[in-house]
Amino acid sequence: MNTKNHLPTIIVGRTDSGRHYTLEDSGGQKLALVLMAANGYADEIARRCNEPAELSEDMRHVTRLLSSPHKLGKVLTQLTGLLNQPKLNERRLTCSQIKCFRKCHRKHMIAYILGIRPAEEAHYFRMGQAFHTGLDLRSRGCTTHQAIIGALEQYDRHIPQTNDDEIREKLTIEREVMVRLLGGYFWRWEQMDCDIKVIASELPFELEIVHPIHGISHPVFKIAGKIDKIIQLPDGRLAVMEHKTTSDEIDPTSNYWRRLRMDIQISIYCMAAQRLGYNVDTILYDVVRKPSFSKPKQLTQIQTKELIASGKYFARFNDEAEPMLVGEYAVTQGNDLTYLIVNCDCAAVTQHAKGISIAETLGMYGDRISADMGRRCDYYFARREIPRLITDLRDTELDLWHYAELIYENLETQRWLRNDDACNSFGTCPYLDLCTGDFDLSGEALPEGFIRVDDVHQELMSE
């Protein structure tokens, strides 16, 4: 192809000595690398143009293309824009950040560029972090009891410091759910996990974002994350093991599993594991579904009467015709008729015309969760291999490159598009008031209920 009439395309990369620019013709053929210093790129081009003896034939062709002043001016204009970068304090991208950016550019700007976060940590992040802590401790040789105690540490630290009764109650219930989820998980997979060898756990990475076609690294961003586990399966294959807690349906026919064929996070983890030297063949996706009943319930008068008489708590589940024995307790009357003592826990009494009822204590609530796990463990726990082909990983690398370019373009233009469809998707966005209110987000003062974090990638922070 005759390329003399085509101005080369500039593709940005980076070397140890600084940024480089790959010049390509319209057919995608690499013509040369031109190393540029931030304040001396014009001198560098001029020097190379004046020293043709040192240039390859391809490079001489480039200099001929640049010999015309107006063409040189166009190239320099492009280079000026590339070199005039906005200053960045954080050059790592994570899967969480990319997903936030996809959902709403404005939300991404507030959370990851300005570092503004809700003062109260989102429950799903808090529970996911605690669950991962418990699994990591177990994989490192702790007993199941030690692993559960370690996972509860953040709750045991925060609950006594909380002055808000509503938040304290929420955290206390979450703590009980975490005890039951981890206990049920270890019970469900104990035998199978004996045949799985953990090679690495909570493995951090920070890698170049490489263009899969041109082979160059992104000049601004790297991809960072933390792989839950690298494991060896019973048949000898290596796999990335990804743990997740969810409220979604996880039965074999649900769309939950279909979506994972395109999930960018596990693709990135598989790619990262291979680049770190682990020859992984597949991904073992390990899901735990959170209970559908999110808080203790009020017993009926019949259930309360049975509990007082025999110490037995019978709970009725929606898909069962007969009530099921959940647990047996020592029940004593309080000093007056306003409460009962159930296994050392106080249960407030509600008076009715023909009797009384009590609300579940935390222990009774937890026992109901455990009983439900025992009768339908596949509702709560599921594992499935998710394959990744070479073409999948190549598409992921290309997606990563373009996400990095889009985020950088937003930084350059300081324009972050709003997505009003995300304001009430899966609950109300925590930043809705900030977006709709008249707040100066760049100032020191923040609205009540928000803080500014030092590290926007809190999921990468060490315990």
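This is a predicted model: local features need pLDDT of at least 70, side-chain atom pairs count only at pLDDT 80 or more; totals for chains, interfaces and linings use all residues.
Let me begin with the open sheet, which is formed by 4 strands in the order β12-β13-β14-β15, with antiparallel pairing. At its edges are β12, residues 331-333, and β15, residues 355-358, and each of these two pairs on one side only. If we ignore direction, neighbouring strands of this sheet are turned against each other by 35 degrees on average.

Now I would like to turn to the aromatic rings. In general, a pair of aromatic rings is described by the distance of the centres and the angle of the planes. In this model the count comes to 10 aromatic pairs. One of them is formed by Y185 and F381, whose ring centres are 6.4 Å apart and whose planes stand at 70 degrees, and because an angle over 60 degrees counts as edge-to-face, that is how this pair is classed. Y185 belongs to helix α9, residues 165-193, while F381 belongs to strand β16, residues 381-386, so the pair ties together parts that are 196 residues apart in sequence. Are these two residues buried or exposed? Y185 is buried, with a relative accessible area of 3%, and F381 is buried as well, with a relative accessible area of 2%.

A second example is the pair of Y431 and F450, which is stacked, with 6.1 Å from centre to centre and 25 degrees between the planes. This pair also links distant parts of the chain, since Y431 lies in the loop between α15 (390-413) and α16 (432-436), whereas F450 lies in strand β17, residues 450-452, and the two are 19 residues apart. Both Y431 and F450 are buried.

Coming back to Y185 and F381, these residues are also members of a cluster, in which ring pairs link F131, Y185, F186, Y379, Y380 and F381.

Finally, there are arginines placed over aromatic rings. R117 lies over the face of Y112, at 4.8 Å from the ring centre, and R368 lies over the face of F293, at 4.4 Å from the ring centre.

Technical notes: Residues are numbered from 1 along each chain as its sequence is written. Side-chain values use heavy atoms; hydrogens and water are left out. Two strands pair if DSSP finds at least two bridges between them. Axes are lines fitted to C-alpha atoms, for helices over the stretch in contact, and angles run from 0 to 180 degrees between N-to-C directions. Rings of Phe, Tyr and Trp (its six-membered ring) pair if their centres lie within 6.5 Å; planes under 30 degrees apart count as stacked, over 60 as edge-to-face and the rest as tilted. Buried means under 20% relative accessible area, exposed over 50%, partly exposed in between (1.4 Å probe, protein chains only). A charge sits over a ring if NZ of Lys or CZ of Arg is within 6 Å of the ring centre and within 35 degrees of the ring normal.
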